[in-house]
Amino acid sequence: HAEAAGSSLTFPELKRVRDTADHWPEGYERQILARWGDALFSDSPEFDIATLDGKAAERQFGYNNDFTQFLPLPWGEKSSDHGLMVVSHEYATPFLMFPGLTDENYREKLTDNQIRAIMAALGVSIFEVRKTDGKWAIVKDGKYNRRIHMSTEIGISGPAAGDDRLKTKADPTGTIVFGTISNCNGGITPWGTMLSGEEGAMDVFAGDYKKLPNQELVERQGWDEDENDIYSVSRVEPRFKFEEEPNEWMRFDWVVEVDPFDPTAKPVKRTSLGRMTHEGAQCCVAPDGRVVVFMGDDDDFEYIYRFVTRDPWNPNDRAANKDLLDHGTLDVAKFESDGTMRWIPLIAGEGPLSAEAGFESQADVVLATRAAADLVGATPMDGPEGFIPHLGTGKLYVAMTENEDRLPKGEGDDEKEMVNIANPRSPNPHGHLLELAAPGGPEKPDYAAESFKWDVFILCGDPAKAEDQAMFHPATTSAGWFTDPDNLAVDPAGRLWVTTDGPPPEGIADSVYVMDTEGPGRALPKLFYIAPVGSETCSPTFTPDGSSVFLSIQHPGELRMADNEDATSMEDAGTDWPDFKPGMPARPSLVVLSRVNNDVVGS
Ligand code: FEO
Ligand code: CA
Ligand code: CA
Ligand code: CA
């Protein structure tokens with residue numbers, strides 16, 4: 001038993017199951033707070049897939065919710081029964097959303113109205129929530145309620161703003177873009193704005209990418225021929241076709257800053273934070289008040305980054321922080337053989353980032369962030385996903401989700417693909433967690449310091465299988481181990497929460513695990529929640545008193561129940577969760593779990 005081994009967690013651990021429904025511990029209540037299509041406004045049309053169009057979808061909770069954060073209302077106070085939810089909507093799977101489509105024919109068969117509905121169902125949802133008599137609910141027409149989607153006007157700021165490579169027919173200034181795409185995870189700044197990572201927008205574009213200028217950049221950004229034009233949006237908006245608008249694709253895959261407390265404020269793409277397949281953007285404050293944003297570039301052999309602002313943030317004047325993220329230094333991580341991790345600045349004109357190498361200006365650096373990081377010798381990682389600071393200990397945790405293609409030392413001809421000190425397994429199908437420690441300790445962690453110490457926290461896999469080479473606390477039960485870590489969170493009691501996203505191992509769907517990071521229960525996870533088959537679990541976020549945890553359940557039904565193969569139509573999805581009604585598709589949803597006695601969750 002985990003408690004016997006010193007874990008501080010006492011909830012009854014679940015058994016591993018793979019089911020059409022979700023599972024949570026005894027003594028907890030689980031509510032569905034928001035489903036794809038739920039009304040955010042009193043004039044939101046009722047969810048109806050037969051008639052859904054862009055006009056309806058932009059008044060409703062979006063699809064495939066990923067990043068999720070509870071912001072207490074009023075902001076700055078510690079309310080645990082009233083707050084703002086900020087949620088990102090990452091991607092759509094059209095053939096699981098609408099009846100009669102299959103993964104083979106959907107690109108042609110989608111109607112223009114359905115395409116518009118998809119465009120409006122992605123992006124960001126912001127809405128008030130309130131707990132009354134123990135029940136959480138959306139506050140319709142809350143004064144901050146807002147949808148941001150693939151057509152919302154968004155500014156571009158920082159070093160690449162106004163660059164010729166960002167100019168289009170609709171925007172000859174290179175400073176305004178319509179829409180945000182592939183909004184994966186994110187973060188919250190100290191002044192309460194949301195950062196949303198655009199992760200892999202290329203998939204949405206159509207046409208012949210070989211005709212684009214700068215093929216080196218196209219290839220380095222990662223192009224998958226089978227995954228273009230995934231929503232057929234170029235049919236209703238020609239700018240998404242390379243031949244029509246060769247620069248449009250460069251205007252995505254940035255970090256977008258959204259002010260959830262000002263529904264009239266235009267979101268801004270902050271190009272200073274680099275262009276990559278952005279997973280999250282977790283914020284910390286250095287002792288001198290500068291803000292440090294930690295980011296993973298989620299692809300095999302990509303890097304981990306941070307951005308350090310030039311100036312300290314101003315806790316007394318929110319407006320003074322408006323453009324703080326436009327000035328500062330983008331760093332990439334290199335794990336040295338002496339056991340330290342060094343942050344290397346990516347600055348045009350410094351070190352190998354010379355004009356001859358193609359880095360004349362900082363715009364060149366941020367537009368080709370991966371190439372700049374290659375040149376300075378950054379450490380290629382196994383798909384860096386979640387990144388979370390533990391404010392109580394000054395440590396940070398990073399999830400490497402997995403990398404099947406990692407090679408042993410000396411195999412293949414690319415050193416980048418071989419094991420390294422921070423990615424020690426080849427292949428690495430199960431992923432791992434690293435623990436980073438900023439100097440200064442728990443009292444005064446200096447997140448802006450040049451060097452960090454680090455350790456391998458967990459090597460994922462089945463501890464009962466020698467070939468997995470898993471490394472957990474030895475008391476981890478046969479239910480408590482996991483693979484494919486994705487999002488990480490630290491609850492108000494200081495425990496680490498890990499969500500998974502991967503081909504589920506035998507007998508379990510994607511799940512949520514909780515563990516201590518210090519003391520005798522360090523790295524001893526317990527299984528807390530199991531999602532419906534085919535779902536990914538995302539982004540645990542807590543009320544300040546720890547009595548409720550919110551979770552995003554993304555893409556339920558994407559895998560079939562019977563054979564664990566990809567579902568190819570709505571009719572053949574692995575589950576109809578959470579409605580279980582004939583004709584109703586599975587709906588990505590935001591759930592909330594609370595203790596029946598209102599104690600701290602997970603404890
Ligand atoms: Fe959208 Fe990196 O997961
Ligand atoms: Ca993720
Ligand atoms: Ca993932
Ligand atoms: Ca996802």
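**Close-ups of two open sheets**

**View 1. T340 and its partner across the strands.** In strand 23, T340 has K453 as its bridge partner. The two strands here, strand 18 (residues 340-345) and strand 23 (residues 451-459), run antiparallel and are joined by 3 bridges. A quick word on terms: strands are DSSP runs of E, at least two residues long, and helices are runs of H or I, at least four long, all numbered from the N terminus. Two strands count as paired if DSSP finds at least two bridges between them. Keep in mind that this is a predicted model, where local features need pLDDT of at least 70, side-chain atom pairs count only at pLDDT 80 or more, and totals for chains, interfaces and linings use all residues. Residues are numbered from 1 along each chain as its sequence is written, while chains are lettered from A and ligands numbered from 1 in the order in which they are written.

View 2. Follow the order 13-14-16-17-18-23-22-21-20, with antiparallel pairing. At the edges stand strand 13 (282-285) and strand 20 (384-390); each has a single partner strand, so one side of each lacks a neighbour in the sheet.

**View 3. Strand 26 and its two partners.** On one side, strand 25 (residues 496-500) pairs with strand 26 in the antiparallel sense over 4 bridges, and W497 has V514 as its bridge partner. Strand 26 (residues 511-515) also pairs with strand 27, antiparallel and over 4 bridges. There, V514 is bridged to K526, and Y513 stands opposite L527.

**View 4. Strand 26, face by face.** Side chains in a regular strand alternate between the two faces of the sheet. S511, Y513 and M515 sit on one side of strand 26, V512 and V514 on the other, and all are buried. Buried means that 20 or more other C-beta atoms, placed from the backbone, lie within 10 Å of the residue's own.

**View 5. Stepping back to the whole chain.** The protein chain has 7 helices and 30 strands. Its C-alpha trace spans about 60 × 60 × 55 Å along the principal axes. Of the 603 residues in the chain, 54% are buried.

Technical notes
Buried ≥ 20, exposed ≤ 12 C-beta atoms within 10 Å, placed from the backbone.
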